[in-house]
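Work through the following exercises with the sequence and the model side by side. Each task is followed by a solution that goes step by step.

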Amino acid sequence: MPLKLRFLLTNACSARCTYCHNEGQQKARDRLDLAAIGHVLDTLAEGGVNVSEIVLSGGEPTLHPQLADIARRCKASGAQVSINTHAGHPTKLAPALPWLDELKIHVDSFDPQRQRASMGIGIAKVRQSIALAQRHGQAQRFINHPLQSLDEACAVITEARALAVDVKLIELLDTAGGKPLLHQLPWAELGYQPAGQGHWQHRHGTHRVLTRRCGQGGSEGGELFIGPDGVRRDLQAPILGMPEAFSLDMLPAACGAGQTRKDTGSIHANARNMIRLTRDAWSAMVLHDRRQACPTPLPVQRSA
Ligand code: SF4
């Protein structure tokens, strides 16, 4: 079964959202090191585990000084790599863009005052990040918008469509306090029609709005949350160990929990591992070449 990894790169965040759960992390340590990430990926590759998706999250992942190296290392594993960011630091995000398949930008409002009041982030910087991603990356771009007001959601969808960026609309779990629901949005009035489960498409063009409830989703196989304070199978689950000491025993049952390297020591498993490692090396080499050939130089990252 495929495995989804969520690397929670740092506890730190320069935004201040009132509903933040900060991915359930403790504050004992601040950052997840590139070396620890490399150890996790090497261990999984040697065990023949299929990592289908890697999410770089936090806190705010662009505050991690090794973000670009981490994104490149993750991409070399052969997995799809995405990032969850508030995009308020475009120059920190830019160096990672060539290694990303998906860029998910959390926006509460495109109105400068309301965005500042809600998240403490300037929307002008967010627009710069979107423009950089459109110029320099091939990552698919999404605006992640937590549904708090129908009017605001309508405004965000309209603005995102003008920017040619798809939207992921998230219904918050706390709807008892009068928070709106996804089905209350005036979809037809906005010009959107259903195109599948949780999928709306504008009747003119290809602009999409994907919807889900907070906490819904997840991967078909297993999922691991790996942060500076430890490895967990769920945000609320107990810590299984530190990332530097990651072992195959920490895997969810769906991905072969308890499977040790000795268990995969057959000639077939070793052949699979060899093919995977060769593919990863090839993928890293091709990506490196593509980056060298990029005709438009990336902006220089300023110091943190
Ligand atoms: S941007 Fe994300 S991590 Fe940062 S305060 Fe807001 S919800 Fe929390």
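**Exercise 1.** Is E102 buried, partly exposed or exposed?

*Solution.* The model is a predicted one, in which local features need pLDDT of at least 70, side-chain atom pairs count only at pLDDT 80 or more, and totals for chains, interfaces and linings use all residues. Residues are numbered from 1 along each chain as its sequence is written. A residue is buried if 20 or more other C-beta atoms, placed from the backbone, lie within 10 Å of its own, exposed if 12 or fewer, and partly exposed in between. Because E102 has 15 other C-beta atoms within 10 Å, E102 is partly exposed.

**Exercise 2.** Place E102 in the fold and find which residues E102 touches, not counting residues up to four places away in sequence.

*Solution.* Begin with the secondary structure, where helices (H or I, at least four residues) and strands (E, at least two) are DSSP runs numbered from the N terminus; E102 belongs to strand β4, residues 102-106. Next, apply the contact criterion, C-beta atoms placed from the backbone and lying within 7 Å: beyond four places in sequence, E102 touches S82, A139, Q140 and F142.

**Exercise 3.** Which residues of helix α4 are buried, and on which side of α4 do they lie?

*Solution.* Within α4, which spans residues 112-119, the buried residues are Q115, S118 and M119. They lie on the same side of α4, because they cover an arc of only 75° around the axis, the arc being that of the directions from the helix axis to the C-beta atoms. P112, Q113 and A117, on the other side of α4, are exposed. The cover over the buried residues includes α5 (123-136). After α4 comes G120, with a positive phi near 75°.

**Exercise 4.** How many residues does the largest nonpolar core have, and what does F7 touch?

*Solution.* A nonpolar core is a set of buried Ala, Val, Leu, Ile, Met, Phe, Trp, Tyr and Cys residues joined through C-beta atoms within 7 Å. The largest has 64 residues, and F7, I54, L56, A71, L100 and I226 are those with the most contacts inside it. Leaving out residues up to four places away in sequence, F7 touches L32, I37, I54, L56, S57 and I226.

**Exercise 5.** Over which residues is the pLDDT below 50?

*Solution.* Since pLDDT is the predictor's confidence in each residue, from 0 to 100, start from the average for the protein chain, which is 83, with 77% of the residues scoring at least 70. The pLDDT is below 50 over residues 258-275, and it stays under 50 over residues 280-304.

Terms used
Two residues are in contact if their C-beta atoms, placed from the backbone, lie within 7 Å.
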